[in-house]
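Hi everyone, thanks for coming. I'd like to walk you through one model today, so please have a look at the screen.

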Amino acid sequence: MLELQDLSVELDRRPVLRSLSLSVAPGERVVIAGPSGSGKSTLLRAVAGLAPVRSGEIRLDGRPVQALPPGQRDVAMMFQSYALFPHLSVLENLCFGLRARGMARRDAEDRARAAAHTLDLTPLLARRPRELSGGERQRVALTRALLREPKALLLDEPLSSLDTQLRVRARAEILKTHAGSRAAMLLVTHDQSEAMALADRLGVLHEGRLLQLAPPRTVYAEPANLFVARFLGQPAMNTLEVQLALDGGLWWGETLLSRRLVSPPAALGRRLVMGLRPEHLSLPGSRWGREEGPGAELQATVETVEPLGEQQIVWLNAGGQRLAARAEPELRVGRGVSLPLRLALTRACWFDPDSGEALAPASGAARA
Amino acid sequence: MSGLRAFLRNWHWTLPGFVLLLLLLGLPALMALPLAFSDFDGLHPPRYLGLGNLAKAWNDPLFWTALGNSLTVAAWSVPLRLLLALGLALLLHRPRRGVGLLRSAALAPSLTPDIAWALLWLWILNPLYGPFAWLLQAFGIAPDIWLTDAAAARRVLALIGLWLLGELVVVLIAARKEIPQELYDLSTVEGAGAWTVFRRLTLPMLLPVLLLLACRDAALSFQTSFTPALIITKGGPQFGTLLLPLYVYQNGFEYLRFGYAAALTLAMFAVTLLMIAVQLFWLRRWTRIGA
């Protein structure tokens, strides 16, 4: 069990992490996603003991460890570059941590061989890191990190140095390798699909603050604020500045979107930001994004179409605002065509336009 | 092999340096070669001797003394210099306040003209008014031994040679900076102590560079020890610091035996090549084991 409580970290007198709290249960995978510069790597380095903690507490199985040197914390870290020793064979690389802690060579090698056997690394044991492919390096680094059976496993952008084809497979490798371990896994990444795929719980970090921490589905469907909403999803969530009229009608500029919202997310008369995922905008004739219940229609012009194979992204323009919609690849969409776009209002997320925080319906999401 | 291929593609960049090397080193060396097989005193026209000069060297006890002295000095100063340079490089590689000044200080002696620091050392080591003697006296040690005893004087020369470690420090700092920081971070997280990190990470990663530097330094030590031997000890006492290059110099420019001096140079060159060959052999073996 890894627990962080009100963790604050400063680098060069600049706050990098601000009062961050989270916990990772044994065997659980928590993924922290965020843009570069959000403090992800610093978070891992602080937990590992490589970055000094300004205030707050780091506990492993209830024991505060932030005063301990890195080697005594019982955490393992897998670095972005994998940090395999180029002058050592795979076997020696695997044994490094055990040997550094004083385990006899024979015992360490036995344990490394056993782990290598279960993870199909045996044919690689005699090789040097430069003789391995990117995916193999990643597996060796992961195996090495887990070999010591650490209480916490920290992974820094584990897939970023692999090419796209390999990533999906490597994702599965991480899941498989970690499945046999009791280590609390904390992974940071800037790649949202990686984050969604690997997380039991997903956190979004922005400027050193944890904005939301919840199961990935929840974070996706009920983002805690506009930043999270725009950070996850490809393309990002569409956001419209709307107004809730005193009679309950929903207006976007001069356009009446809905005469009466079923459950208004805020007091009548307020301005709001409405967020809708591209899959909740439905083109006429499309089977995708058709929702039961009340919807709204918006006249929009098709600007561009991106055929992605398994789907197409249709970029539209409505009253000067760009909107993205998702549609099945078979649907014929002509450029420049004006069409009625259907918005699934029941799936909309609502945000305060000033603070960017989510309003009523989305507030059920577990907040960080 | 890709290194060789890259060199063949870009070799023309080495041209300026290569031309200088050829003009200043290659040409004189080539001209010295026929001299080694002839008798020439600068007054009479050279006379062909065949292997006569080399045979003379073989039977010249002073040649063997000089060779032995040179090897002894190299055997002391090369490893010591390398060790000290490694220590300094590991101390100075990290950016810290004032580290630039210290790095410059380490390099400065290598940039000072040999004659200047040789004279400086002559003063430092003066048993009457030198600061070293004064320092020894402060500890109650009599300050008159080191340059009057042959073996001690040799050791002094080897120690003075440590002075010239600047370039080694610079190269080793660069090599140390090449080792990715993540490897050190990982070692720390894995609980490796400072000694383990040095032995299992820093040293093996630096080993190829260290061995290459050792080769270069051994070859250079024959040359760099010339000036202090000439200025500080003049080869004495009892030929104790008669080093090979000094003996060459004396033969050539004091006794006007240019042919013999050239032959001795040739012998020195052969010894240098042999030393490099031996070290390269070890380099190959060690890097195969270590890296």
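Across the interface of chain A and chain B, the rule finds 2 salt bridges, where a salt bridge is a side-chain nitrogen of Lys or Arg within 4 Å of a carboxyl oxygen of Asp or Glu. In one salt bridge, the side chains of A:R45 and B:D185 meet at 2.9 Å, N to O.

Before I go on, a word on the ground rules. This is a predicted model, where local features need pLDDT of at least 70 and side-chain atom pairs count only at pLDDT 80 or more, while totals for chains, interfaces and linings use all residues. Residues are numbered from 1 along each chain as its sequence is written, chains are lettered from A and ligands numbered from 1 in the order in which they are written, and side-chain values use heavy atoms, with hydrogens and water left out.

Back to the interface. There are also 7 residue pairs in polar contact across the interface of chain A and chain B, both residues at pLDDT 80 or more. A polar contact here is a pair of N or O atoms within 3.5 Å; within protein, one must be able to donate a hydrogen and the other to accept it, and residues adjacent in sequence count only if both atoms are side-chain atoms.

Which elements of chain A each supply at least two residues of the side that touches chain B? They are helix 1 (40-48), strand 6 (75-78) and helix 2 (90-100); helices (H or I, at least four residues) and strands (E, at least two) are DSSP runs, numbered from the N terminus. Helix 2 of chain A gives the largest share, 4 residues.

How much area is buried between the two chains? About 1,900 Å², of which carbon and sulfur atoms give 61%. Buried area is the accessible area (1.4 Å probe) that two parts lose on being put together, summed over both. On the chain A side, A:F79, A:H87 and A:F96 lose the most area to chain B, together 30% of what that side buries. The contact, meaning heavy atoms within 4.5 Å, takes 26 residues from chain A and 18 residues from chain B.

Two backbone details in chain A to finish. A:A83, in the loop between strand 6 and helix 2, has a positive phi near 50 degrees, in a residue other than glycine. And the peptide bond from A:Q234 to A:P235 is cis, with omega near -5 degrees; A:P235 lies in the loop between helix 8 (226-231) and strand 11 (238-244).
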